[in-house]
Amino acid sequence: MTDSTTGLAADARSAPPTSSAAATRRAVYNTLRGSSGNLVEWYDVYVYTVFATYFESQFFDSADKNSTVYVYAIFAVTFLMRPVGSWFFGRYADRRGRRAALTFSVSLMAACSLVIALTPGRESIGVWAAVVLVLCRLVQGFATGGEYGASATYMSEAATRERRGFFSSFQYVTLIGGHVLAQLTLLVMQGFLDKDQISDFGWRIAFLIGGVAAVVVFWLRRSMDESLTPEQLEAVRTGADSESGSIRELILHHWRSLVVCFLVTIGGTIAFYTYSVNAPAIVKTAYEDHGRVGTWINLIGLVFLMALQPIGGMISDKVGRKPVLVFFGVGGVIYTYVLITYLPQTTSVAASLTLLGIGYIILTGYTSINAIVKAELFPSHVRALGVGLGYALANSAFGGTAPLIYQAAKNGGHVPWFIAYVTAVIAVSLLVYIFVLRNKAETPLDREQGRAFVDAEVGARRA
């Protein structure tokens, strides 16, 4: 295959003719604006899993022993909408601009969070409570599918050439940050409310926070630069360009990149949900008789994971993307058994943090650079579509289902089967990292001039 993930290209002559300081300043501003929405959207995603055990009785019969499985099944089902969302928003971003797509997606997420927060419980409206929950989560899955591809594309295009790994790593800084905020929200509530109060109304406050925060993000995203050039957008508007955002163009001419994107993602996404969703749930169960200890462990662990992301991005800018991915693949194949086997047996805070910390260091090999790795596979006219669709298909099949499969395996006494499954999927991605990807080769991003940001800076100087 001719596609690759890369570090720096040797020839910097094609870099945009702007001063380094000015280009870096614009990259920082646009990264902050783009990642702020990512933070809110992923808060809305993770507030569901963090508060699941508190609100499940509001939507399902608490006497039903499968109610927890139902809650996680809804979490998994929403991932079925991600490929649809990635197609819609990917096409939208490639034809109407990254900024427009990102603003649209965060608006959908906010609206659904507000509806969930205000929906009456099953005691008031019966089964319709669960129906509303499922519908809102499906729409949020649709929006999240679009958010990933558009934000990964935007942050990669907004970054300066020599720091793409570093700047694009902030996609997962804010993605994990959403989980951190959800955990922090729970921790604060636990300081003022008891379990029954959180189950009664506290969880609604958590969803309301996500909806309200999106209003601020909507304003921020409307003011960020567009990374597509005016010429590209005008060509689409006038009908001169019919290939941008075309699924036909993607499948016919860039199918190899799409397959690579899918295979790169499957190991990383299943590891991410196993390490950052299943593992915190295990910790929460292990310390359920110790007050807020489990919540504190999870919060510290996730803050550590968040802080690691820029470090992983900077390392990839120096050594290339491939060695960092291989580090993750090898570590994931070896460590998954250790994490899932010993974490449930651990009631020492230091030991739990150590087990989580090692897992998060390994996971950073994927999370810190996955956005730039995928963005470097596609040309700009199908980049948002290709990145989003490749990610969403893998994420729906392997990532979002991991919490449900683990819960089912745990209930059936088959956790070793789950461990074998996760390890095998990571091993498949590892083979792709080793034998398919090239290191520090020229990519479509290197060949593009990034004129949209150059024009924006020229306009700012003239003003």
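Modeller: Residues are numbered from 1 along each chain as its sequence is written, and side-chain values use heavy atoms, with hydrogens and water left out.

Colleague: What is the mean pLDDT of the protein chain?

Modeller: The mean is 84, and 90% of the residues reach 70 or more. pLDDT is the predictor's confidence in each residue, from 0 to 100.

Colleague: Where does pLDDT stay under 50?

Modeller: Over residues 1-18, with 56 contacts beyond four places in sequence, and over residues 449-463, with 30 such contacts. A contact means heavy atoms within 4.5 Å. Where pLDDT is low, the predicted coordinates should not be read in detail.

Colleague: Why does Leu377 count as buried?

Modeller: Buried means under 20% relative accessible area, exposed over 50%, partly exposed in between (1.4 Å probe, protein chains only). Leu377 has 1% relative accessibility, so it counts as buried. You'll find Leu377 in the loop between helix 17 (370-375) and helix 18 (383-399); helices are DSSP runs (H or I, at least four residues), numbered from the N terminus. Leu377 and His254 are 123 residues apart in sequence, yet 9.0 Å apart in space, C-alpha to C-alpha.

Colleague: How many aromatic pairs are there?

Modeller: The count is 25. Rings of Phe, Tyr and Trp (its six-membered ring) pair if their centres lie within 6.5 Å; planes under 30 degrees apart are stacked, over 60 edge-to-face, and the rest tilted.

Colleague: Why is the pair of Trp42 and Tyr46 called tilted?

Modeller: Their ring centres are 6.0 Å apart and their planes sit at 35°, so the pair is tilted. Both lie in helix 1 (residues 20-50), four residues apart, about one turn of the helix. Trp42, at 1% relative accessibility, counts as buried, and Tyr46 is buried at 0%.

Colleague: What makes Tyr172 and Phe272 an edge-to-face pair?

Modeller: The centres are 5.4 Å apart and the planes at 85°, so the pair is edge-to-face. This pair links distant parts of the chain: Tyr172 is in helix 9 (residues 170-192) and Phe272 in helix 13 (residues 255-286), 100 residues apart. Tyr172 and Phe272 are buried.

Colleague: Which residues do ring pairs link into a cluster?

Modeller: Tyr48, Phe55, Phe59, Trp203 and Phe207.

Methods: Predicted model: local features only at pLDDT ≥ 70, side-chain atom pairs only at ≥ 80, totals over all residues. Helix = DSSP H or I, 4+ residues; strand = E, 2+ residues; numbered from the N terminus.
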